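Please look over the sequence and structure before reading on.

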Amino acid sequence: MYPIHLQQIRPQTTAHLAQTMTLLSMTSNELRQSIEAELANNPALELLEVKRCRTCGRSLMENGPCPVCSRPHDPNQAEPIVFTSTQQDYFSSVSNGSQHIIPVDELPEDNVAPSIDLPGFVLQQIAPELELEDRPIAAHILTSLDDDGLLQIQLFEISRYLHVSMERVNHVLDLIRRSEPIGVGSSSPQEALMIQLDILAKTQYVPPLAERAIREGMNLLSRHHYSKLGELLGITPQEAEIIAQFISSNLNPYPGRAHWGSVRQGSESNPHTYHHPDILISTLHQQANSPLVVEILSPIRGSLQINALFRKALKNAPEEKTEKWQQDLEKANLLIKCLRQRGNTMRQLMTILTQEQRNFILQGDKFMRPLTRASLAIQLDVHESTISRAVSGKTARLPNGRMIPLSKFFDRSLSVRTLIREIVKHEVSPLTDSQITRMLHKEGHQVARRTVAKYRSMEGILPAQTRHKLPSP
DNA sequence: CTATGGCACGGATT
DNA sequence: AATCCGTGCCATAG
């Protein structure tokens, strides 16, 4: 058994321990499923209505004032605002008002699937930026996607069918293509690759010839004809192969076949499904120097409590039922307690995490601080495995809209890798690995030459000798 | 002789 | 207990 000692909750039966661990390691989607199951067959449980903040409309799980609005705005950055909110408004903001949009109830409701389908997943992301009158367009496009996430119908058909201008259609389509999975809604694998490359180039080094390789050598690329591809681009077959390798490992011609599903380990869920974030991180009033707002999404519409009527009924229950009802009551109690504890742990975790990684969240990969689960465990005075469970499988949505697995907060090498990308980007003449190593040491990063080489290839950057032959276009 | 990638080892992580 | 990651050593290519 794993020793867990969280503050505030003392009596710990084995059942309590076991359930705490299980709940902690669930994503909000999985949690919703099991809570709904319990609600359905346990009469002692009752769902309390959602409380909504009057000012900002957030739906809140707990009693008391809205942590975002009612808090006096002392811009103390160090202290993020962490609280639990429900996912409900997330859906309703997407769906209200248009019959073309997939209705709320049909999204997550359909039985077992703990996740939503591709159209819903994309819609969720673009909803905030979508004008009301553009929603039918988005719905039309999204429902026309094929299994690969590509759009097979013609654009003018949409514009004619819905009586809207091509401009609008293109605008919406552009939004869609730039959301996860990037390139979704393209009309061909080639187009999808181009968009992905474009987006990737904003945050990463990409081989200069990759774009031409896709644009002009697409058919050679897909057939692995590296020598011909090299000919076309004026480079050797080996170099062409490296480019092809970069493309195949960083880009995905069929955005619908999700990489995303496989990101979550240990899950049998099929790769065609997408997941909600478990955590939303945003800034207050879009001000960069304000505290971070961290919402831990709860999968259910309200908060759970013991049904008062049930408790009364228990007192004069028929003989043969008392035992069963008593069990139900205890089970319900346990669930509520454990849920509270889960929220508690998540909140503590996110508090520290956002404090430590504030710069990473706001300014990107370069500012990632190396962090280990073990060190967090010490700070929070919990067992390592608690942190592990709390982190594993969960995803967060950053203020800039990126979805990342929570485990990325613990990626030790990310900052160094980004630094390497930048060094290479700004280099005058190609630097060798040992030169890069020296530069990193000056910046205070203690890494070995061999490691730099590994990172470099991880980022798809060619070796120094090969780099200088390829003039940037 | 130098820069790089492969293999393998030990320590951290899960 | 199994796996991942950084690193050192060594062979190879240029």
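Which of the 13 residues around DNA strand B come nearest? In this predicted model, they are T372, R373, D433, R450 and R456. Sugar and phosphate make up 59% of the atoms of DNA strand B that come within 4 Å of the protein.

**Polar contacts with DNA strand B**
- D433 uses its backbone: one of its N or O atoms lies 2.8 Å from a phosphate oxygen of DNA strand B.
- R450 has a polar side-chain atom 2.5 Å from a base oxygen of DNA strand B.

**Makeup of the surface near DNA strand B**
- Two or more residues each come from α17 (384–391), α20 (449–458) and α21 (464–467).
- The element that gives the most to this surface is α20, with 3 residues.
- By class, the surface has 7 charged, 4 polar and 2 nonpolar residues.

**Packing of α18 against α19**
- Helix α18 spans residues 414–426 and helix α19 spans residues 433–442; they pack at an angle of about 120°.
- The axes of α18 and α19 are 11 Å apart, and the crossing is right-handed.
- From α18, the residues in contact are V416, L419, I420, I423 and V424, which meet I436, M439 and L440 of α19.
- This contact between α18 and α19 has 8 nonpolar residues, with no polar and no charged ones.

Definitions and conventions. Residues numbered from 1 in each chain as written. Chains lettered and ligands numbered in written order. Predicted model: local features only at pLDDT ≥ 70, side-chain atom pairs only at ≥ 80, totals over all residues. Heavy atoms only, no water. Axes fitted to C-alpha atoms, helices over the stretch in contact; angles between N-to-C directions. Helix = DSSP H or I, 4+ residues; strand = E, 2+ residues; numbered from the N terminus. Left-handed = near helix turned anticlockwise from the far one by under 90°. Contact = heavy atoms within 4.5 Å. Nonpolar A, V, L, I, M, F, W, Y, C, P; charged D, E, K, R; others polar. Near = heavy atom within 4 Å. Polar contact = N/O pair within 3.5 Å; in protein donor to acceptor, adjacent residues only side chain to side chain.
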